[in-house]
Structure formats: C-alpha cells, structure tokens
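Let's take a friendly walk through this structure together. We will begin with a helix and then turn to the aromatic rings.

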Amino acid sequence: MAWKATRREPPYDRITVTAGVREIPGDWLRHTREGGIILAPWGTHFGNGDALVRLRRDEDGGRASGRFLGPVEFMKLRSQRSPFAGHAAYVPDGVGDADRGTTTVTEERLLGDGRFAVARFAVGLRVRDCHHQASDKRDGARPVWFYGLTDRSWACVMFRDGHREAMVWQSGPRRLWDEVSAALDWWRAAGEPGYERFGLTVTVYDQRAWLDHPKNTWNL
C-alpha cells in the first residue's frame, strides 16, 4: 500500500504516502478534508532524490499547497516511474555527430556534495521532462548525461580532473545542457536556496513549484 490515512472513510484528516511520487493524484485531494494534510516524498524525473512535501488542502478541495521539509528517497510508485528508455535509445552511435562546446561549470557546482545535493533538486524543478545520470569517475574523468523524456534530445558534459573547462555535447531539438546551465545560474542568483525555501502547489489539473512564496511559481 503506497498511502494510508488516519480515518477509515474519506474525507481524511491526513494522507501519508510511503512511496516516491512524481504527481499527486486528484483522488488524494478529493479524499482529504478541508485543512487536511498530504505528506509525500515528491520529486521530478531528473533523478531519484526526492524531498518530503507537506501539503495542506484548501477550502475548495481542488488545491493543496505547502513547503518541502527535506530530502528523502523512497521506492517510486510503480505507475509513476520514469519513462526513460535507456542510453542506447538516445546515443546509439556515440557522440560523434553531436554539437560540441565547452563550459566552465564545475563538477562540484553541478553535482553538489553528497547524495542529496540541493542543486540537483533545484535543477530538476526548473528543467522539465529531463533525466540525468552521473557516471562513475574513471581515470579522473566523469561524464554526466541528460536525456529528454518527450523526445530524443540528449546532452553530455565531460568533467576531467585538473581541467578548467569541460567538453559538452548536445543533440536533438532541445539544448539540454543550456537548460541545465541556466537553471544552475538561476539557483545561484536566488542565493542557492535549500529545500525548505521551495514549495509545491497541486490541483486536480496541474502542479506548480515555487520559491519562498506561492506567488513565485512556475509550471512543472
């Protein structure tokens, strides 16, 4: 069972979700009483690292909103697992035909420190429909890959120890590395906010993330 409630019949006072989700189903909103709480590990398809969000349902029943409390990682709800088709579906013949460039973004700035680096969570909130994978470092080199989930766009940045610039490859209609780099710039300009400054507003129709206040919002 992926969720449980504190009462036997709806509307419930509280719904506690015990699996990672990418969307809050409309039935959870409808089954929560006015002022009731939905507590869920929520994240984007950018990676496996999620954050616990505490949503309070408003009086009209069609919306719930609240802040993230901190990082977590749960097994994902089966119906909401990533549609990522695998590396070979995107890059069957290597990076030879991709557009090339360089970046001064560092490995530390992109990946952060530790398993739950907030920079990656923030990028996932800003770069829609994207999955990323950081490969193991070998001989001082680490490739980080980005894959579009609505088309076959992809990008790769290759970090090398001791190099001030990293090589970048991009292919497809989306410039995924440009999107990721812009998201990092946005996060840095906002003061590198932690999880607690981000929030989520959900309705039966859509989801929107926000920074500091629900008025500062954008579509997911």
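Helix α4 (residues 118-126) is largely enclosed by the rest of the structure, because seven of its nine residues are buried. Buried here means under 20% relative accessible area, exposed means over 50%, and partly exposed lies in between (1.4 Å probe, protein chains only). Helices (H or I, at least four residues) and strands (E, at least two) are DSSP runs, numbered from the N terminus. The buried residues of α4 include Val-118, Phe-121 and Leu-125.

A word on the source: this is a predicted model, in which local features need pLDDT of at least 70 and side-chain atom pairs count only at pLDDT 80 or more, while totals for chains, interfaces and linings use all residues. Residues are numbered from 1 along each chain as its sequence is written, and side-chain values use heavy atoms, leaving out hydrogens and water.

Phe-121 also belongs to a cluster linked by ring pairs, together with Trp-42, Phe-68, Trp-186, Tyr-195, Phe-198 and Trp-218. Rings of Phe, Tyr and Trp (its six-membered ring) pair if their centres lie within 6.5 Å; planes under 30 degrees apart count as stacked, over 60 as edge-to-face and the rest as tilted. The structure holds 13 aromatic pairs. In one of them, Trp-145 and Trp-154 have ring centres 5.7 Å apart and planes at 45°, so the pair is tilted. Trp-154 counts as buried, at 4% relative accessibility.

Trp-186 and Phe-198 are also tilted, because their planes are at 40°, with centres 6.2 Å apart. This pair links distant parts of the chain, with Trp-186 in helix α5 (residues 176-189) and Phe-198 in strand β11 (residues 198-203).
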